[in-house]
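Please examine the sequence and the model below before reading on.

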Amino acid sequence: MTDLATDQDFTSEDVTPAISIDGVSYNYGKRKALDDVSFQVLPGQFTALLGANGAGKSTLLSLITRLFDTAHGTISIDGKSFTSHGSKALAPLGVVFQQTTLDLDLSVRQNLRYFARLRGLPSTFATKRIEETLSALEMFERVDERVRDLNGGHRRRVEIARSMLHQPKLLLLDEPTVGLDIHTRRVIVNHIHKLASEENVAVLWTTHLMDEIWDEDHLIVLDKGKIIEDGTVKEILAKNGASSVSDAFESIIVQEEERLR
Amino acid sequence: MMDGLMIRALYGILYREFLRFFQQRARFLSALVRPLIWLLVFSAGWRQTQGLAPYPPYETYIPYEVYMIPGLCAMIQLFNGMQSSLSMIYDREMGSMRVLLTTPLPRWFILVARLFAGVAVSLLQVYAFLAIAFIFTYFEFLELDIEPLGYITVLPALVLCGFMLGALGMALSATVKQLENFAGVMNFVIFPMFFISSALFPLWRIKDLSYTFYQFCTYNPFTYAVELIRFALHGQFYGEGVLVVAITSIIALGLAIYAYDPSRGLKAKGKKG
């Protein structure tokens, strides 16, 4: 584990946040899915978003990716809000969805080239980035294989490579390691942490798997549509007197339920 | 105005559509076999009994296969339009539409670009069909009666008709919630559109048989698409057809852009997290 992030003093006054969420609420009919959610992720920061099923994580990600329209509150990516910049605000965003979104009938190269064109990358630059991003995930030798012939772990690596093609400032990953073996999970978790620490990419990572969260990461806990904890893992562990993220998470949820009673 | 990103993205969407089209060989073959079977079976069976009297744009009596060709070209585009909308529903359900929707491209552009890609594929199918039909004339299986210039003059008509049929398919796909429901669309949209039109029989003959049926045909924009292609294949301009097809395209595309909800399916499935 790297301790680079530990010593970084992230303050929103100095740096433009990679993403800023301010007072966002969202309802499904009468049911409140998100209630006045506000937080920021700064460049180089690895932020884990934790929450039980139904906490509102997927709704939040759908709002950040503009699959849902934000009714209340403001979302800005790299200082540009959807309200004032529309879909152009999505330019610095890279996304890895929980569900595979690759075209199974196309090769890895064809999938990545298609995405590069959607992002407006010039052909020579796209070729270079395809090689770089796939090589970083040890996938370049499989560039001409059909995605259908790859296993789940390799498909996931291709999706991560694809999300990094256009050098995003913010990388959003929705439970990217679900269903993967331990080795692949470790490779992916290490790679994404490295992207944050070495390439200054802001990462927002949703997960249920506590071992993917490192001590120096930033942690946000979402429960019933509200943020109930927001800080570094070390701060949250100390505050809750817990020895692991898992213990801290359980303690936070129990405390919140008692508070609501 | 299109900026550099939009031009590259349009190229990307075209690139993917053609890659998928050529890799789905069954789709390519069925797109060709369907009209060719119609052409060979129907024209061979009916040419002995049904010579058609002069009727614009034809200046002389024509064999039935000559009459059928424009309707079959439009049929290819009709099926392709519906196939494109089916693939949009598939992409929405499988999640690959999300990749498009999380790019910095406006939604209207994404839909128009998908439509444009579908039209390009339909042009390829129609010209492949015309080429095979032309080969049949060489062996005297049938007559086409199309001047070489007709293959060029028909291009703008095919583009316009492709846009209309693709936009209608897209408007339908915006309202269909799940992939399974699309079979109903096939039965209730494609077949009535094709049969209640001038694709198989001239309007004057339909009018002789049933005035009500004739009226239905004149309300069907597909009739105008068929006639537009027919006139264009013979180097003639059909203003009424251009007008109806263009207006229908604009209305259908407007409806598709208005009704298209990228979150459909996400909310319905109630994915929690």
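In strand β7 of chain A, L170(A) is the bridge partner of L93(A). Strands β6(A) and β7(A) (residues 170–174) pair in the parallel sense over 4 bridges; two strands count as paired if DSSP finds at least two bridges between them. Helices (H or I, at least four residues) and strands (E, at least two) are DSSP runs, numbered from the N terminus.

The model is predicted: local features need pLDDT of at least 70, side-chain atom pairs count only at pLDDT 80 or more, and totals for chains, interfaces and linings use all residues. Residues are numbered from 1 along each chain as its sequence is written, while chains are lettered from A and ligands numbered from 1 in the order in which they are written.

**The sheet of chain A**

Six strands of chain A form an open sheet with mixed pairing, in the order β6-β7-β8-β3-β9-β10. Because β6 and β10 (226–232) of chain A stand at the edges with a single partner strand each, one side of each is left without a neighbour in the sheet. On average, neighbouring strands of this sheet are turned by 15° against each other, direction ignored.

Angles run from 0 to 180 degrees between N-to-C directions, and axes are lines fitted to C-alpha atoms, for helices over the stretch in contact.

| Helix | Strands | Angle |
|---|---|---|
| α1(A) (residues 57–64) | lies across β3, β7, β8 and β9 of chain A | about 145° to β7(A) |
| α7(A) (residues 233–240) | touches β9 and β10 of chain A | about 110° with β10(A) |

**Domains of chain A**

Chain A is divided into domain 1 (14–92 + 170–261) and domain 2 (102–167), with bounds that come from an automatic or database domain assignment. The centres of domain 1 and domain 2 of chain A, taken over C-alpha atoms, are separated by 26 Å. Their contact takes 8 residues from domain 1 and 7 residues from domain 2 of chain A; residues are in contact if their C-beta atoms, placed from the backbone, lie within 7 Å.

Chain B has 12 helices and 0 strands.

**Where the chains meet**

In the interface, 34 residues of chain A are in contact with 29 residues of chain B. Helix α3(A) gives the most to the chain A side, with 5 residues.

D105(A) is found in the loop between β6 (93–96) and α3 (108–118) of chain A. This residue touches R146(A), R148(A), R20(B) and Q23(B), not counting residues up to four places away in sequence. Is D105(A) buried or partly exposed? D105(A) is partly exposed, because 14 other C-beta atoms lie within 10 Å.

How values were computed: Buried ≥ 20, exposed ≤ 12 C-beta atoms within 10 Å, placed from the backbone. Contact = placed C-beta atoms within 7 Å.
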